[in-house]
Amino acid sequence: MFIDIDCTQQKKYNQNTYGDYFLSKRYPDEGRLIAVLSDGLGSGVKANILACMTSTMLLKFVEAGSNIKKACEIIMNSLPVCRVRKISYSTFSAIDCNDDGEAKIVEEGNPEFIWIRNNEVMTPECKIITSKTFSNRHMHIYKIKLEKGDRLIFCSDGVTQSGLGGPRLKLGLRREGLINILLEKIKEDPLISSRHLSSYIVQQAEKIEIDRKAKDDISACVIYCREPRESLVFTGPPYHQEKDREYAKIFEKFQGRKAICGGTTANLISRELNIPVSSDLSKSAGNLPACSHMEGVNLVTEGILTLTKTVEYLESMTNHIPEDAAGELVKFLIDSDCITFMVGAKLNQAHYDPTLPIEIEIRKNIIKKMGKILEEKFIKKIEIQYM
């Protein structure tokens, strides 16, 4: 079972930074994932610092081996109180789960999470612990067993209070309104990914606001347990030419989506598997070479220039993905859960041409950098094989 997780956020109107902070980390060797969503008091830079500190400290505690309940209790008892509003400087939701579906969830101050199974809302058992330092702080602890198809939705109060005071929803969206939105959307699109569902929640919360301007920071984190979407990226010819056919066969037999990055690589696969390759001018845009087409392959692009630009796009990821070959590769990677890179070790003398841009690196370094970004920023499972 794969744990698909993503979070979408929107800043409060007229603010330069987010007052909520989301942090997650996957541990492939342990089949484990830890995530924290924190909501800082107020908005802007101050709220961002408070939420960032809470999320970072909590994740580090759990990562270092502390029990999630104990780590959350320390944070709950340590957070200072605002002198004016008499409330905690930040609230949080934390989850520690694994690929077997065992999940521990702790919440303090954030809206209660929503657990959906077979399009019905589940009611998990909850243990409440009150802070020994602050009697108005209560930690809600859940221990649940997730199954394939289950979804967990966490959010900041910017979602449940969206539309508050407006003519349509005087009390805001609230938990009940969010559940209705979720059930309707999942019924319409049963396989919707965490990325698209979290984005949809934030869009709907903004839509409900008066003048569509967010009155608070809005964050939605979604976890979806499902079969992993496997993908393979084949780039560069093998070091030993006599192994071309062997690797081409591995590529052919792979069960999942496939991409080829590199003209020489595409010609190699074409020759060994006897599949013609042709230019696809419909995906030509920008300064990068156009994509090509090969039957049975989802995406065929040029190599080093496209890979370098793809890393650039992933580093500065925004909602707008350019419509060029690198943008197509970004979409391919983002819509995958487990990505295997097969990287040819044969040197291409053209990559050492002094007239090429200084940003151009050798293939191994680019793939290594890309894999790290996909693992740390997009929580993907990455495997790199050198040929």
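So, Lys-25: its bridge partner in strand S3 is Ile-34. Strand here means a DSSP run of E with at least two residues, helix a run of H or I with at least four, and both are numbered from the N terminus. Before I go on, this is a predicted model, where local features need pLDDT of at least 70, side-chain atom pairs count only at pLDDT 80 or more, and totals for chains, interfaces and linings use all residues. Residues are numbered from 1 along each chain as its sequence is written, and side-chain values use heavy atoms, with hydrogens and water left out.

Okay, back to that pair. Strand S2, residues 20-27, runs antiparallel to S3, and eight bridges join them. Two strands count as paired if DSSP finds at least two bridges between them. The S2 and S3 hairpin has four residues between its strands, and Gly-31 there takes a positive phi near 60°. S3 also pairs with strand S4, residues 90-98, in the antiparallel sense over nine bridges; Val-36, for instance, has Ala-94 of S4 as its bridge partner.

How many of the residues of S3 are buried? Nine of nine, across residues 32-40. Buried means under 20% relative accessible area, exposed means over 50%, and partly exposed is in between, with a 1.4 Å probe and protein chains only. In a regular strand, side chains alternate between the two faces of the sheet. In S3, Arg-32, Ile-34, Val-36, Ser-38 and Gly-40 point one way, while Leu-33, Ala-35, Leu-37 and Asp-39 point the other way.

Now let's look at another sheet. Five strands make an open, antiparallel sheet in the order S1-S11-S10-S6-S7. Strand S1, residues 2-10, and S7 are at the edges with a single partner strand each, so one side of each has no neighbour in the sheet. S1 is joined to strand S11, residues 218-226, by nine bridges, and the two run antiparallel.

Touching, or contact, means heavy atoms within 4.5 Å. For directions, axes are lines fitted to C-alpha atoms, for helices over the stretch in contact, and angles run from 0 to 180 degrees between N-to-C directions. Helix H4 lies across S6, S7 and S10, at about 30° to S6.

H4 covers residues 174-188, and at 1.5 Å a residue its 15 residues should span 21 Å; the end C-alpha atoms are 22 Å apart, which agrees. That expected span is 1.5 Å times one less than the number of residues. The buried residues of H4 include Gly-177, Leu-178 and Ile-179.

How do H4 and H5 meet? Their axes come within 11 Å and cross at roughly 130°. That makes H4 oblique to H5: under 35 degrees is roughly parallel, over 145 roughly antiparallel, 65 to 115 roughly perpendicular, and the rest oblique. The contact involves Leu-178, Ile-181, Leu-182, Lys-185 and Ile-186 of H4, with Leu-197, Tyr-200, Ile-201, Gln-204 and Ile-208 of H5.

Last stop, Ile-153 in strand S10. Ile-153 counts as buried because its relative accessibility is 1%. Leaving aside neighbours within four places in sequence, its contacts include Leu-182, Ile-201 and Val-222.
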